[in-house]
2 protein chains.
Amino acid sequence: MESHSVQILTQIFLMFTSAKLLAVVGERVKIPAVISEIVAGILIGPHLLGLVKAEEWTLALAELGAIVLLFDVGLDQKLTDLMKVGWTVLLVAVVGVVVPFFLGFGLLELTEHSRIEAIFMGAAMVATSVGITARVLQELGVLKTVVATVILGAAVIDDILGMIVLAVVSSLSEGVNYVQIGSVTALAVGFTLFIVLVGRRVMRRVTPRVQRFAAGDPYFALAMVICLGLGVAADKIGIAAIVGAFLAGLVFSEEELTPRLKTNIHALREFLVPFFFVAMGMQMDLAVLARKEILLLAGLVTLLAILGKLVGCGLGAYRLGWRSAIQVGVGMVPRGEVGIIVASIGLGLHTISNEIYAVVIIMVLVTTLIAPPALKLLFVEKKPAGPLPSPPSDLL
Amino acid sequence: MESHSVQILTQIFLMFTSAKLLAVVGERVKIPAVISEIVAGILIGPHLLGLVKAEEWTLALAELGAIVLLFDVGLDQKLTDLMKVGWTVLLVAVVGVVVPFFLGFGLLELTEHSRIEAIFMGAAMVATSVGITARVLQELGVLKTVVATVILGAAVIDDILGMIVLAVVSSLSEGVNYVQIGSVTALAVGFTLFIVLVGRRVMRRVTPRVQRFAAGDPYFALAMVICLGLGVAADKIGIAAIVGAFLAGLVFSEEELTPRLKTNIHALREFLVPFFFVAMGMQMDLAVLARKEILLLAGLVTLLAILGKLVGCGLGAYRLGWRSAIQVGVGMVPRGEVGIIVASIGLGLHTISNEIYAVVIIMVLVTTLIAPPALKLLFVEKKPAGPLPSPPSDLL
């Protein structure tokens, strides 16, 4: 075979295998797969072992991974549940987005970084990665408690708010322009509402017709066409493609055929998403952390990322009592995929430096790593107090 | 977003959507999806509409598609059934491979093409695409007849023989060398036996251990690691990567967890394989067919491809009576994916010209297109004669 095709296949093999290998090993010591896969990328990437390098096709594969990931995140949202959400949940979500944003933004403004880097940093600190917290809560058997309900509900709103923030920052390739920020925000909110209100109604009509076609899995094909199509549409109007993929996920999130669709998407996710996280790790240059001021910045950003959610979400949940408020705050700390996506878009647009990229990755890794044990500690102390009461309906 | 990432995503969207759209439309008039997807590629490709062009990442995606396709083909083989196969099936398979090979080889030798092009043409005419015939037989409700059993059994052997032929031709990048052909044949046969005999035994031990890991789907991940790994290994020893993927499929074909694995692989296949067929269509330049001698060659090659299987397989099945022998022969006519893979490898190695590539694609399209209606015609006439007898065991 051609030497170049061998090279591509070898890199695909190395990326996938290192990701899965580290994920399995990490699993043993309770490290989330996201982290293991990013670390795999750092390890085999050009800055460390140099086994693989970022090429155009790597980025194409990584982008497909991110699109499948966000489509799946959208697919997991329960919008009808969201409509019934209470004030506490809304408060936790909104305050928990505003506080970290301004902490990240403020820190970079004070340390004399550019305005656009400050905005990207704020944006990277916004979203909560609900998957990691949800798994820990499930392990502890406390998924039905008030605290868990508030965390999971708020994290869903955070995902949507995070997407709007992402839409706005991804349009800032030409520098900061407040008129543009306003118009893109309006556009993103409008686009979201349109998709959610009109898109789901259209799907309800289309679904029964699609089922009539016999061969293959036409519903899955249609879902992927819409996922890629909304990705392209988002891209064309100047916002990140994954926002479109996320909205496509929302459209399909509560259809009759969703369970079968999820099986297919999970298979795609298992195969494609590792390429995204590994590619993200590959772009991280650990060497920049050798510079004292960058390491200091990484430490400060991470600290503010933790405090931001702890204080912001804790304030939002003050009605639950301070102990539960802290549990909610800690549960919202992990940043996971959205933070990384914001950073990678900034890097792609050349609006953030390699240093800031590395700082964000460190922040994501640390917040994602410390939340699960902290959460366990907080819940285990409470556990002997007997079965927890089911959530009072006025709070939710 | 970056203009280049928009461009990649737009092309991914166009490739996938055109493939699925034409497949759905083709479905209505009973055209197999393989054909619709290749036609989609010809349409949107650089030689016609020019909406997409073959770039490095397109080929990377197409290669992943081919690997998943061949892994799935391997997964579908029933090796234990194969061991019990009768002489008729073996005869149909072997004569049905030898006759078309020498017809294709001979024609190109006679028309003064290079020796290596002649070998590639022979190789492209070897394999039977069982999927298309199997679906027609199923539609007709004759899957349990002697003829169907012979066709399906022989097609499996053809797949394996086709892979060995492919292994040999894909190693011929430096021109024809008979010593090399001998050694690669031995290597390919040895590799196949090793994988099938040792690989399956190893998997039987590994499978129960893998199941113990909780997160994600470790068995699916392991299967993909082995699939990509054997692909790379095959590549390194100088034979086509997809031969490795096919062998990996064989290793996993009769495990306890195979049904769940198949669900995952089918999802990957639905999403990734269209990129392969579309990319294959994109590389076809219809304009070369405007030259009379190329069109004539395409016609002759197609005719020989049909006659080769009809005569070769018919001879092999002579014991079943001439009517059944013709049915077997017609059932073995469609070439499908393996023919295309041989041609694409030849094109990639620059050992076959654009003209010969176009001729192979035409041959594959026509053989795949005419077999289903011909088969229906042959079976429908017979049908009113009442229920068909179940196959006598000495034949199979």
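Student: Before anything else, what counts as buried, exposed or partly exposed here?
Tutor: A residue is buried if 20 or more other C-beta atoms lie within 10 Å of its own, exposed if 12 or fewer, and partly exposed in between. Keep in mind that this is a predicted model.

Student: OK, then where does G106(B) fall?
Tutor: G106(B) has 14 C-beta neighbours inside 10 Å, so it counts as partly exposed. G106(B) belongs to helix α5 (residues 87–110) of chain B.

Student: And how far is G106(B) from G231(B)?
Tutor: Their C-alpha atoms are separated by 31 Å, and the two residues are 125 residues apart along the chain.

Student: Which helix of chain B is mostly covered?
Tutor: Helix α6 (residues 115–124) of chain B, where eight of the 10 residues are buried. Those buried residues are E117(B), A118(B), I119(B), F120(B), M121(B), G122(B), A123(B) and A124(B).

Student: What about α7(B), which residues are buried there?
Tutor: In helix α7 (residues 130–140) of chain B, the buried ones are V130(B), I132(B), T133(B), V136(B) and L137(B). They cover an arc of only 165° around the axis, which puts them on the same side of α7(B).

Student: Why would residues three or four places apart point the same way?
Tutor: An α-helix has 3.6 residues a turn, so residues at that spacing point the same way.

Student: What comes just after α7(B)?
Tutor: G141(B), with a positive phi of about 70°.

Student: Which residues other than glycine have a positive phi?
Tutor: K30(A) is one of them, with phi at about 65°, and H350(B) is another, with phi near 60°. Most residues other than glycine have a negative phi.

Student: Where do K30(A) and H350(B) sit?
Tutor: K30(A) lies in the loop between α1 (3–28) and α2 (33–44) of chain A. H350(B) lies in the loop between α15 (336–348) and α16 (354–382) of chain B.

Student: Switching to the two chains. What superposes chain B on chain A?
Tutor: A rotation of 180° with 0.0 Å of shift along its axis, at an RMSD of 0.0 Å. That is the relation of a two-fold axis. Of the residues of chain B, W57(B) comes closest to the rotation axis, with its C-alpha at 2.1 Å.

Student: How many residues are in contact between the chains?
Tutor: 45 residues of chain B are in contact with 45 residues of chain A. On the chain B side, the elements giving two or more residues are α1 (3–28), α3 (56–75), α10 (218–236) and α12 (258–282). α1(B) gives the most, with 12 residues. That side of chain B divides into 26 nonpolar, 10 polar and nine charged residues.

Student: Why say the copies meet through the same surface?
Tutor: Because 100% of the interface residues of chain B are also interface residues in chain A.

Student: And chain A overall, how many helices and strands?
Tutor: Chain A has 16 helices and zero strands. Its radius of gyration is 21 Å, close to the 21 Å that the globule rule gives for 396 residues, so chain A is as compact as a globular protein of that length. Buried residues make up 55% of the 396 residues in chain A.

Student: Last one: which residues touch the most other members of the largest nonpolar core?
Tutor: L166(A), I361(A) and I361(B), in a core of 306 residues. Beyond its neighbours within four places in sequence, L166(A) is in contact with residues including A123(A), A240(A) and V338(A).

Technical notes: Residues are numbered from 1 along each chain as its sequence is written. Chains are lettered from A and ligands numbered from 1 in the order in which they are written. This is a predicted model: local features need pLDDT of at least 70, side-chain atom pairs count only at pLDDT 80 or more; totals for chains, interfaces and linings use all residues. Copies are superposed by least squares on the C-alpha atoms of residues with pLDDT of at least 70 in both. Two residues are in contact if their C-beta atoms, placed from the backbone, lie within 7 Å. Helices (H or I, at least four residues) and strands (E, at least two) are DSSP runs, numbered from the N terminus. The arc is that of the directions from the helix axis to the C-beta atoms. Ala, Val, Leu, Ile, Met, Phe, Trp, Tyr, Cys and Pro count as nonpolar, Asp, Glu, Lys and Arg as charged, and the others, Gly among them, as polar. The radius of gyration is taken over C-alpha atoms; the globule rule is 2.2 Å times the number of residues to the power 0.38. A nonpolar core is a set of buried Ala, Val, Leu, Ile, Met, Phe, Trp, Tyr and Cys residues joined through C-beta atoms within 7 Å.
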